[in-house]
Amino acid sequence: MAESIKQQLVISGLGGQGVLFVTRLLAEAAIEKQLPVFTSETHGMAQRGGVVLSHLKVGDFTSPLIRPFQADGLLVLKLENMARHGFFLKPDGWAAVNANADQQSKIGAPVDADRLAQKISNPKAVNLIVLGWALKTAERASSGNRLFCSYEDIKSVLKNRFGSQKKMLRASLKALEAGYNAKEK
Amino acid sequence: MTERRLLLGNEAIARGLVENGCAMATSYPGTPASEILAAVAFFQKQNRISMHTQWAVNEKIAFEIAYAGCQTGLRTAVSMKQVGLNVASDPLMSAAYMGVNGGFVVISADDPGPHSSQTEQDSRMMAMMAKIPVLDPDSPEQAREMIGLAYEISEKYKTPVMLRPTTRVCHSRQDIDLRAIPENNREVNFEKNPARWAATPKFRLQLHKELEGKLAAIARYRASAPVRLNPGAKGKKVILSSGVAAAHTREIMKALKLWSKIPLYQIRQPFPLHREFVTRLLKNYDDILVIEETTGVIEMQLADRYHVKGKLSQTVSRVGELSPEKVEEIICGFAGLEFRQFEPPAVPGRRPTLCAGCPHRASFFAIKKAAPRGIYTSDIGCYTLGLNLGAVDTVLCMGAAISQASGFYHAYKNEKKRPDVVATIGDSTFFHAGVPALIDAVVQKNKFVLVILDNRTTAMTGSQPTPASGIGAGGEPLNAVDIESLVKGCGVKFCKLGNPYKVKEFTALVKEAVAYSRKHGPAVVISRYPCVIDMLRKGETGQYIPVEVADTCDGCGYCIQHFECPALIYHDDEDRKYVTIDPLLCIGCGVCLEVCPKGSFVIKKN
């Protein structure tokens, strides 16, 4: 039942990586599914090239912020932020982390989003690749931690968003797919 | 079915304004309030609403324009950040006495943390000082609702009403159902009444008496009274909370299974606190905890030092944001539950920095070359980050770069060795509060250089137009004020224009200005190049010079330390130290070609 869904996600990256865009896509997916949603984001001085963190809460919540060890899932667009924001994750939560082959990420599921982005000639698409990967990662998570939305739901959000901009839509769907179908190392 | 849409807190506030018939909305941009006016202008355009929206030159002017609107019977609003209210405090104090005709909402967004501000001041204290009621929303949804309540109180009691959201309300997004926007068919009618609208001190005393009467009545108004959120809970302990702290408190009390054990009241109107509620509270409970941001405004009105815990009793921290984990700790302490302390890991941070290709970086580099041992006064904006480059020594408040430069000049003027003083100020900030300070400097013949960093936009807050832009809040064409003529009109004799991207020429220009200022008085250099983010948003392209690092780079680190462009990456390998350029971040400004002392930045062949 939709009413019982309560999920908290943390999305972490650096300024310019598109953290807020990913957060919005997930929030819009929640709205399409008639679920109440909260997000919280960074603006102004705090945004200039620094660390960007956003919180997303779907379901019956009143506070826009997530406490430590409460997040069901973590999307990390830059590996160094795992050390900064890993503490939000609850012990059995999942983490989709952008890391290359040389970098060992102790927690979570690593995906080389930087390399995949170069491969599809869309270096700015790291955010969508990690999102695609998160959708796959969450599918494999234990039943209590599955994501409130699916790969198909996010595709539908992208279609609504870029309806008239065919080129943008194609590029976005391609990036999402690259992440969704990536292989874990 | 109503349409549900994801709205930023500031957009929800804007929605509340247009849904409640606001006919005039003014603002000066400032984080976390900036998106309010932009969203009003958006809804105005989208729904073809007949109303006036504008970015004013500063908050005082924004306030006065919107206030005049309410004097004619229209519903109006002014929005700003908390330090902006300092600038608008002069009209605020007086408007409280005179009252309103149509409803008037003053939106002042606080920034506990602080995330993007000079202070953590609590605008609710300003409301207390002015003696006007203030509402404290806990979410975007409630902020939208409270606009309606604010107009209701404002028109019922003929007083300005403050809405005080905080960063976490302004910059949260929530799904909100959009309601219809009513036709605005109010009559515009300014009824002359000099005894009120132009009151002399004798009448002011009378107005002050009336104001006290209004406050006493508002403290009995039911619609804004505290709300008991968990009627089932019983006990001798009670928690009061307001703003986003109340949102955290609700969730945390449920998680800690205290929901049915400790009564919780949400205070929607922290000032004036409802009198009957206070009496009942002090009578019924032994232990009262108040959780609020950022000063103990509710707490101090409870006037009981034995049973009340909060900021004044130091139970709640007086500084910093009340994060949910802090709220949890406070509640656990109050309820006698164990709390597991947790310190987030201290990971060496990435400090905020000017963007790759930012023209300010080039200006600062030139200023440091031209006046190497100078005193550098600066101001509020992206260019505050010039402190990373050692080119910013002081930042006080809007416009102070110029008046502080004057102050430093006067302090040193009788010394044998006088340092050169170079002030930097952005274009929008110059208009906001810099002009009177410049006139003062001309009159006093103060010897310093002022560099106006003219990037044609209010960059830090998200590219709002400046008075020099010639466009309005909704993109409509307006008049533009020319900065150079304005500077000359202030009486400045040395005023020259330069392009900071042309590093050599620009450095020579600043040197010339320094030499002039030592002899004659204030010299102004206008450093003109558009903000690169603003250009990107408008789909414009600047010059592109492909740069690479030659093999001559020995990794001395000069460019990293003195230029700090985020596109420059320093490699400290075992066998070799060197710099490379990040092709994703580099925008090809070519300024670094002039930065390396060894000339290791070179134009890429082909």
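Tutor: Gladly! Let's begin with a definition: two residues are in contact if their C-beta atoms, placed from the backbone, lie within 7 Å. This is a predicted model, where local features need pLDDT of at least 70 and side-chain atom pairs count only at pLDDT 80 or more, while totals for chains, interfaces and linings use all residues. Residues are numbered from 1 along each chain as its sequence is written, and chains are lettered from A and ligands numbered from 1 in the order in which they are written.

Student: How many residues of chain B are in contact with chain A?

Tutor: On chain B there are 36, and they meet 29 residues of chain A. The chain B side divides into 15 nonpolar, eleven polar and ten charged residues. Here Ala, Val, Leu, Ile, Met, Phe, Trp, Tyr, Cys and Pro count as nonpolar, Asp, Glu, Lys and Arg as charged, and the others, Gly among them, as polar.

Student: Which strand of chain A is joined to β8(B)?

Tutor: First, strands are DSSP runs (E, at least two residues), numbered from the N terminus, as are helices (H or I, at least four). Two strands pair if DSSP finds at least two bridges between them. Strand β2 (residues 37-40) of chain A runs antiparallel to β8(B), with three bridges joining them. Ser40(A) has Ser172(B) as its bridge partner.

Student: What does β5 of chain A pair with in the parallel sense over five bridges?

Tutor: That is strand β4 (residues 71-76) of chain A, where Gly73(A) stands opposite Trp94(A) of β5(A). β5(A) also runs parallel to strand β6 (residues 109-111) of chain A, joined by three bridges.
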